Amino acid sequence: IKIANGKSLNRLTILSATLDDVGSCVCTANGVGTFDTAEIKISGEENDVTITAVENPVTCTINKKPCAMSFNIESLAGKINRNDARICKLNDDGSLEDCTIPKGTGPYKRGFGKTKASQAGQYVCTYGDYQSDPVTLELGQ
């Protein structure tokens, strides 16, 4: 919890609030010779993020440009912050590597430049705790 006191107002901020915090609470303030309380109602809505590939599979040519993979990210509550998204290569064991922040504001895109054979495989887009279905990057001659 963070409290900011100003000349004309005071602000109470609950950092990393979750739906478990929904309800009401009483805030009590003690000053020099003063005392005040206020009931604060905390509300929120459950968020659901949907990540879908624009194209699957993505087919590119080895050693040629352009090659790109795109995803649409939609949120029920709030705006999408591109800097919180990642497009990563998915390893066989489920771990992620070679993660990059996508470009654009929707669809969110990852460019591969001149492709190498080692870049072929499965990729996913992540946003917070949400992850897309795998997308295959196929590289031909």
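The link of Cys88 and Cys99 is right-handed, with 120° about the S-S bond. This pair ties distant parts of the chain together: Cys88 sits in strand β8 (residues 85-90) and Cys99 in strand β9 (residues 96-100), eleven residues apart. Strands here are DSSP runs of E of at least two residues, and helices are runs of H or I of at least four, numbered from the N terminus. The S to S distance in this disulfide is 2.1 Å. A disulfide is counted when two cysteine sulfur atoms lie within 2.5 Å. Cys88 is buried at 1% relative accessibility, whereas Cys99 is partly exposed at 39%. Buried means under 20% relative accessible area, exposed over 50%, and partly exposed in between (1.4 Å probe, protein chains only).

The model is predicted; local features need pLDDT of at least 70, side-chain atom pairs count only at pLDDT 80 or more, and totals for chains, interfaces and linings use all residues. Residues are numbered from 1 along each chain as its sequence is written, and side-chain values use heavy atoms, with hydrogens and water left out.

The structure holds two disulfides. The other cysteine pair is Cys60 and Cys67, again with S to S 2.1 Å. The torsion about its S-S bond is about 85°, so this disulfide is right-handed. Both Cys60 and Cys67 are buried. Counting bonded cysteines along the chain, the pattern is 1-2, 3-4. Cys125 is buried, with a relative accessible area of 0%. Its sulfur lies 8.1 Å from the closest cysteine sulfur, in Cys88, which is too far for a bond. Cys25 is partly exposed at 31% relative accessibility.

The fold contains 13 strands and zero helices. The radius of gyration is 23 Å, well over the 14 Å that the globule rule gives for 141 residues, so the protein is more spread out than a compact globule. This radius is taken over C-alpha atoms, and the rule is 2.2 Å times the number of residues to the power 0.38. The C-alpha trace spans about 80 × 25 × 25 Å along its principal axes.

Buried residues make up 21% of the 141 residues. The protein exposes about 9900 Å², of which carbon and sulfur atoms supply 47%. These areas come from the Shrake-Rupley method with a 1.4 Å probe. Among contacts with a separation of 6 or more, 50% join residues 24 or more positions apart. A contact means heavy atoms within 4.5 Å.
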